Amino acid sequence: MPEEAKVSIICNAYNHEKYIRDALEGFVMQKTDFPFVVLIHDDASTDGTASIIREYEEKYPDIVKPIYETENQYQKNTLRKIQEDRVHSKYVAVCEGDDYWTDPLKLQKQFDYMEAHPDCVLCGCTTGWLNMKTGKLDIRYRVDEDRDVSEEELIEETNGRIFTTCSVFAKAEIWIRRPKWGFPIGDYPLNLYAGLNGAVHVLREPMCVYRWYTENSWTKRMDGAGKRAEVARKMIEGLANFNEASGGRYAESVRRRTLRHRYTLALMEADWETVSGELGEVYRSRGFLERVSDRLRCKHPKLYELVHKITYGRLK
């Protein structure tokens with residue numbers, strides 16, 4: 001009988017035919033001194049995603065453990081429970097089907113750190129960001145050294161988004177119990193919940209790649225003022241719920257993060273009076289080009305759209 005897995009890799013895939021092979025290669029290339037499994041879930045893809053997964057299932061039957069749906073479970077809001085019920089390991093690592101790992105020792109390095117530091121409940125790593133619109137790969141948020149991350153930094157993300165989903169390695173109980181708090185995304189509340197329950201650590205070495213603006217991706221779906229406004233409202237709601245759940249211990253960090261989402265909401269609604277007045281604290285903290293962009297967006301939206309198309313990547 002195979003030894004019970006110490007780590008479960010959680011991979012959700014939907015119409016990821018162009019990307020899923022990279023994800024699977026990143027999993028099966030892992031070199032570890034412990035057993036692990038890939039709990040991959042194909043959510044009724046209509047392209048060739050399932051066929052590619054079957055290739056790896058046949059080649060690595062002790063590692064790749066798929067579910068092939070005939071009806072989409074994400075739309076039924078049942079996907080989370082399906083994957084949680086499959087986990088019987090001490091740890092989970094997460095990577096969506098359109099992202100991938102680049103270091104064959106990623107799992108081993110994170111496992112070793114967690115085993116040596118039992119107070120740590122989540123260990124992430126630096127991530128490469130691959131822009132699928134431009135083809136550019138860069139490190140957007142690099143840390144200078146391996147270090148713990150405070151709850152305040154997790155809340156505010158003042159230095160950028162340290163953890164992407166594909167970097168996460170966590171105690172299974174933390175990943176399973178993570179609350180939603182009304183947030184429209186899954187990785188952010190996981191990070192906040194982890195910080196309330198133990199130490200959170202980041203490894204400076206880049207070991208994975210997050211693709212943004214892929215087809216069917218979160219970043220692709222968020223294009224447009226209406227969607228961004230909706231997300232901002234839900235983030236404000238989630239932060240209020242988190243503040244209550246944490247007993248107000250991080251109220252100032254929550255306030256600052258909430259201001260940023262209120263600012264985004266005002267921008268998407270072209271509410272210049274609020275942007276420059278009530279939310280002037282945020283406006284003044286932004287760089288010169290950002291302030292120019294924000295003013296154009298609110299006061300001269302047609303000119304903003306023209307400038308944005310011409311200088312995409314500079315004014316956002």
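**Figure 1. Charges and overall build of the chain.** The chain carries 48 positive and 51 negative side chains. The centres of these two sets lie 6 Å apart. The model is predicted. Its secondary structure comes to 14 helices and 10 strands. The radius of gyration is 20 Å, close to the 20 Å that the globule rule gives for 316 residues, so the chain is as compact as a globular protein of that length. Along the principal axes, the C-alpha atoms fill a box of roughly 65 × 45 × 35 Å.

**Figure 2. Cover, surface and contacts.** Of the 316 residues in the chain, 51% are buried. The accessible surface comes to about 15,400 Å². Carbon and sulfur atoms account for 49% of that surface. The contacts considered here join residues at least 6 apart in sequence. Among them, 74% link residues at least 24 apart.

Figure 3. A pair of aromatic rings is described by the distance of the centres and the angle of the planes. The chain has 13 aromatic pairs.

**Figure 4. A stacked pair, Y56 and Y60.** The rings of Y56 and Y60 form a stacked aromatic pair. Centre to centre, the distance is 6.2 Å. The planes are 20 degrees apart. Y56 has a relative accessible area of 6%, so this residue is buried. Y60 has 23% relative accessibility and therefore counts as partly exposed.

Figure 5. Five residues make up one aromatic cluster: W129, Y141, Y210, W212 and Y213. R161 is found in the loop between α5 (151–156) and β9 (169–171). R161 and Y141 are 20 residues apart along the chain, yet their C-alpha atoms are separated by 6.5 Å. With 21% relative accessibility, R161 counts as partly exposed.

Figure 6. Helix α7 spans residues 187–197 and is mostly covered. Of its 11 residues, 8 are buried. Those buried residues are D187, Y188, P189, L190, N191, L192, Y193 and A194. Which elements do the buried residues of α7 pack against? The helices are α5, α6 (172–177), α9 (225–245) and α10. The strands are β6 (120–131) and β10 (199–212).

Figure 7. Most residues other than glycine have a negative phi. A44 is not a glycine, yet its phi is positive, at about 60 degrees. A44 lies in the loop between β2 (36–42) and α2 (49–59). Its relative accessibility is 15%, so A44 counts as buried. A270 is not a glycine either, and has a positive phi of about 55 degrees. A270 lies in the loop between α10 (251–268) and α11 (272–276). At 36% relative accessibility, A270 counts as partly exposed.

**Figure 8. The loop residue I139.** I139 is found in the loop between β7 (137–138) and β8 (147–148). Is I139 buried or partly exposed? Its relative accessible area is 27%, so I139 is partly exposed. Leaving out residues up to four places away in sequence, I139 touches T126, T127, G128 and P206. N241 lies 102 residues from I139 in sequence. In space, the C-alpha atoms of I139 and N241 are 32 Å apart.

Conventions: Residues are numbered from 1 along each chain as its sequence is written. This is a predicted model: local features need pLDDT of at least 70, side-chain atom pairs count only at pLDDT 80 or more; totals for chains, interfaces and linings use all residues. Side-chain values use heavy atoms; hydrogens and water are left out. Helices (H or I, at least four residues) and strands (E, at least two) are DSSP runs, numbered from the N terminus. The radius of gyration is taken over C-alpha atoms; the globule rule is 2.2 Å times the number of residues to the power 0.38. Buried means under 20% relative accessible area, exposed over 50%, partly exposed in between (1.4 Å probe, protein chains only). Contact means heavy atoms within 4.5 Å. Accessible areas come from the Shrake-Rupley method with a 1.4 Å probe; for residues, only the protein chains shown count as cover. Lys and Arg count as positive and Asp and Glu as negative; His and the chain ends are not counted. The place of a charge is taken as NZ of Lys, CZ of Arg, CG of Asp or CD of Glu. Rings of Phe, Tyr and Trp (its six-membered ring) pair if their centres lie within 6.5 Å; planes under 30 degrees apart count as stacked, over 60 as edge-to-face and the rest as tilted.
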